[in-house]
Amino acid sequence: MTAIQTESLTKRFGDVVAVSALDLTVEEGEIFGFLGPNGCGKSTTINMVLDYVRPTDGRATVLGYDAQREPKAIHERIGILPDAFDLYGRLSGRKHVQFAIDSKGTNEDVDDILERVGLSAGDAARPAGDYSKGMRQRLALGMALVGDPELLILDEPSSGLDPHGVREMRQIIQREADRGTAVFFSSHILSQVEAVCDRVAIMDEGELVTVDTIDGLRDAVGSGATMELTVSATPSVSFDDINGVTNATIDGTVVTVTYTDSRAKAKVINRVEAAGVTVADVTMEESSLEDLFEVYTNHADESHVDAEVSS
Ligand SMILES: Nc1ncnc2c1ncn2[C@@H]1O[C@H](COP(=O)(O)OP(=O)(O)OP(=O)(O)O)[C@@H](O)[C@H]1O
């Protein structure tokens with residue numbers, strides 16, 4: 001069964017098309033990153049999937065249930081970390097989790113939930129009003145985990161967190177996914193998405209620009225990766241005919257090759273060595289998701305996109 005499926009899902013606010021004919025499928029058990037610049041329609045999509053906002057057109061199903069007709073069945077089976085959430089300042093973290101357990105009518109162990117989100121017994125005893133941003137996020141996520149949801153929907157789970165908090169949140173998400181929970185989360189923190197997601201969707205101005213694995217995005221964009229060889233002497237070679245090589249420069253004893261097919265690497269090294277030159281060192285750098293994101297969403301300068309794609 002699919003975790004989330006949207007068909008032509010559309011939301012207009014007056015003249016603003018917040019989400020335009022979105023077709024998206026999130027599979028059971030996968031970690032799915034939902035990316036895009038501010039105002040591209042991420043929260044509106046999540047709000048339609050959760051039936052907080054009614055679509056102008058199209059439909060969404062969550063775990064096979066219709067988002068508009070069966071929201072109760074959906075909310076019983078999923079965990080949500082909303083973009084903005086309220087905690088009761090005077091209530092302890094422990095009481096918050098207990099409240100979530102009582103509301104859902106489950107008999108889970110509070111300590112187990114606290115441990116899963118890394119809140120110590122000492123912290124859990126303190127009033128939530130005293131919590132740091134990271135502790136607040138972890139507590140809210142803990143409450144979302146109550147009821148052993150099949151799907152977690154997290155709207156910007158790492159917003160406002162420092163790098164340490166971001167890493168912790170990533171580890172928690174990974175652990176929950178390892179338990180078989182599908183995770184759908186929106187984020188601006190691209191490195192986080194890159195490290196944890198099976199697939200990502202990139203939105204721009206309400207439209208879905210692409211859905212793929214990180215590797216798939218790299219291949220599609222063609223920005224690929226760069227390999228730098230330090231060699232014993234300037235080789236007299238050309239790499240033009242090697243499949244997957246998109247650019248190559250030879251500057252004295254440094255050979256720099258950009259490629260989109262990883263099988264090109266060995267062929268390049270073999271060619272240099274066949275020219276009687278020893279390869280002393282090899283370094284490789286993959287294009288980051290940050291670069292890919294730029295390629296997909298930087299429409300301020302369309303020539304930039306073309307240049308990246310064809311480079
Ligand atoms: N209630 C609303 N009334 C009018 N316009 C809205 C409303 N909610 C969202 N919009 C508009 O819809 C578009 C998409 O907004 P949305 O909040 O979904 O983007 P987002 O990708 O979640 O942005 P961010 O990353 O900044 O949270 C924006 O142009 C926004 O101004």
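**Entry 1: domains and overall figures**

I looked up the domain assignment first: domain 1 covers 2–212 and domain 2 covers 224–286. The bounds come from an automatic or database domain assignment. I then took the centres of domain 1 and domain 2 over C-alpha atoms, and they are separated by 44 Å.

I note that this is a predicted model, in which local features need pLDDT of at least 70 and side-chain atom pairs count only at pLDDT 80 or more, while totals for chains, interfaces and linings use all residues. Residues are numbered from 1 along each chain as its sequence is written.

Along the principal axes, the C-alpha atoms of the protein fill a box of roughly 75 × 50 × 35 Å. I list 12 helices and 14 strands; these are DSSP runs numbered from the N terminus, helices being H or I with at least four residues and strands E with at least two. Of the 311 residues, 37% count as buried. For burial I use C-beta atoms placed from the backbone: a residue is buried if 20 or more other C-beta atoms lie within 10 Å of its own, exposed if 12 or fewer, and partly exposed in between.

I also checked the contacts in the protein with a separation of 6 or more, and residues 24 or more positions apart account for 68% of them. A contact here has the C-beta atoms of two residues, placed from the backbone, within 7 Å.

**Entry 2: the ligand shell**

Which residues are around the ligand? I find Phe13, Val16, Ala18, Gly36, Asn38, Gly39, Cys40, Gly41, Lys42, Ser43 and Thr44. A residue is near a molecule if its C-beta atom, placed from the backbone, lies within 6 Å of it.

Strand E2 (16–27) and helix H1 (42–49) each supply at least two residues of this shell. H1 gives the largest share, 3 residues. By class I get 4 nonpolar, 6 polar and 1 charged residues. In this scheme Ala, Val, Leu, Ile, Met, Phe, Trp, Tyr, Cys and Pro count as nonpolar, Asp, Glu, Lys and Arg as charged, and the others, Gly among them, as polar.

Just after H1, Asp51 takes a positive phi of about 65°.

**Entry 3: strands E1 and E2**

E2 pairs with strand E1 (residues 2–13), and the two run antiparallel with 8 bridges. Pairing requires that DSSP finds at least two bridges between the strands. Lys11 stands opposite Val19 in E2. The hairpin of E1 and E2 has 2 residues between the strands, and Gly14 in this hairpin takes a positive phi near 60°.

I stopped at Ser8, which is in strand E1. Ser8 is not a glycine, yet its phi is positive, near 50°. Ser8 counts as partly exposed because it has 13 other C-beta atoms within 10 Å.

**Entry 4: strand E8**

I checked two partners. Strand E3 (residues 31–35) runs parallel to E8 with 5 bridges, and Gly33 stands opposite Phe185. Strand E7 (residues 151–155) also pairs with E8 in the parallel sense, over 5 bridges, and Leu154 stands opposite Phe185. From E7 the chain crosses through helix H7 (residues 163–178) to E8, a right-handed β-α-β crossover. Right-handed means that, with the strands pointing away from the viewer, the path from the first strand over the helix to the second runs clockwise.

**Entry 5: two loop residues**

Asp148 is in the loop between helix H6 (133–145) and E7. Asp148 has a positive phi of about 50° although it is not a glycine. With 14 C-beta neighbours inside 10 Å, Asp148 is partly exposed.

Is Arg90 buried or exposed? It has 10 C-beta neighbours inside 10 Å, so I count Arg90 as exposed. Arg90 is found in the loop between strand E6 (78–81) and helix H3 (93–104). Leaving out residues up to four places away in sequence, Arg90 touches Pro127 and Gly129.
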